[in-house]
Amino acid sequence: QHSGAPTRLLDWTRSSTTALWFAVSKYSRTDRPQDAVVWAVKLERSDFVDRESLGLHVGPLGIKRTMFFEPPHFDRRISAQQGLFSVHRYWEGGGEVVPLEHHKVFKGRLHK
């Protein structure tokens, strides 16, 4: 979610320490971060969108099934964070974004 609203585009990192930092950075030393979570997913080659198909014709939100893509590292922050994105399938029948933990392809490869 982004600002409380569901989103189809989520950012990830390949760095476990970066993920941990984002999970707990909003807490002070005296807080007990009970809701801090790090999610990990084991990705396969077929989970990634071919970069050429993300051109002007399709764009990331034109993807019909849940997939991952690596953005061009034009930004130092994305590069330093080893960033990548997941684009989630939108289920029109239910009018909702399909969360990764409910997705049959990723469910067995997702760890909390």
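The side chains of S86 and W12 are joined by a polar contact of 2.8 Å. A polar contact here is a pair of N or O atoms within 3.5 Å; within protein, one must be able to donate a hydrogen and the other to accept it, and residues adjacent in sequence count only if both atoms are side-chain atoms. The model is predicted: local features need pLDDT of at least 70, side-chain atom pairs count only at pLDDT 80 or more, and totals for chains, interfaces and linings use all residues. Residues are numbered from 1 along each chain as its sequence is written, and side-chain values use heavy atoms, with hydrogens and water left out.

Let us stay with S86. This residue is found in strand β4; helices (H or I, at least four residues) and strands (E, at least two) are DSSP runs, numbered from the N terminus. S86 is buried, with a relative accessible area of 0%. The term buried means under 20% relative accessible area, exposed means over 50%, and partly exposed lies in between, with a 1.4 Å probe and protein chains only. Not counting residues up to four places away in sequence, S86 touches R8, L9, L10, W12, M67 and F68, where contact means heavy atoms within 4.5 Å. S86 and L10 are 76 residues apart in sequence, yet 5.3 Å apart in space, C-alpha to C-alpha.

H88 has its place in the loop between β4 and β5 (90-91). Is H88 buried or exposed? It is buried, with a relative accessible area of 3%. Among the residues that H88 touches, leaving out those up to four places away in sequence, are R8, L10, T66 and L100.

We now turn to the nonpolar residues. The largest nonpolar core has seven residues, namely W12, V41, F68, L84, L100, F106 and L110. Such a core is a set of buried Ala, Val, Leu, Ile, Met, Phe, Trp, Tyr and Cys residues joined through side-chain atoms within 4.5 Å. A second, separate core of six residues includes I63, F69, F85 and V87. In soluble globular proteins, nonpolar side chains tend to be buried together.

Next, R109, which is found in the loop between β6 (96-97) and β7 (110-111). At 13% relative accessibility, R109 counts as buried. Its side chain and that of D47 are joined by a polar contact of 2.6 Å. R109 and L43 are 66 residues apart in sequence and 7.7 Å apart in space, C-alpha to C-alpha.

What lines the largest pocket? There are 38 lining residues, of which L10, D11, W12, V37 and W39 lie nearest its centre. On a 1 Å grid over the protein atoms alone, a cavity is a set of points where a 1.4 Å probe fits but cannot get out, whereas a pocket is an open set with protein on both sides within 12 Å along at least five of seven lines; lining residues have an atom within 4 Å of a point.

Finally, the chain as a whole. It has two helices and seven strands, and from the N terminus on the elements run β-α-β-β-α-β-β-β-β. Of its 112 residues, 29% count as buried.
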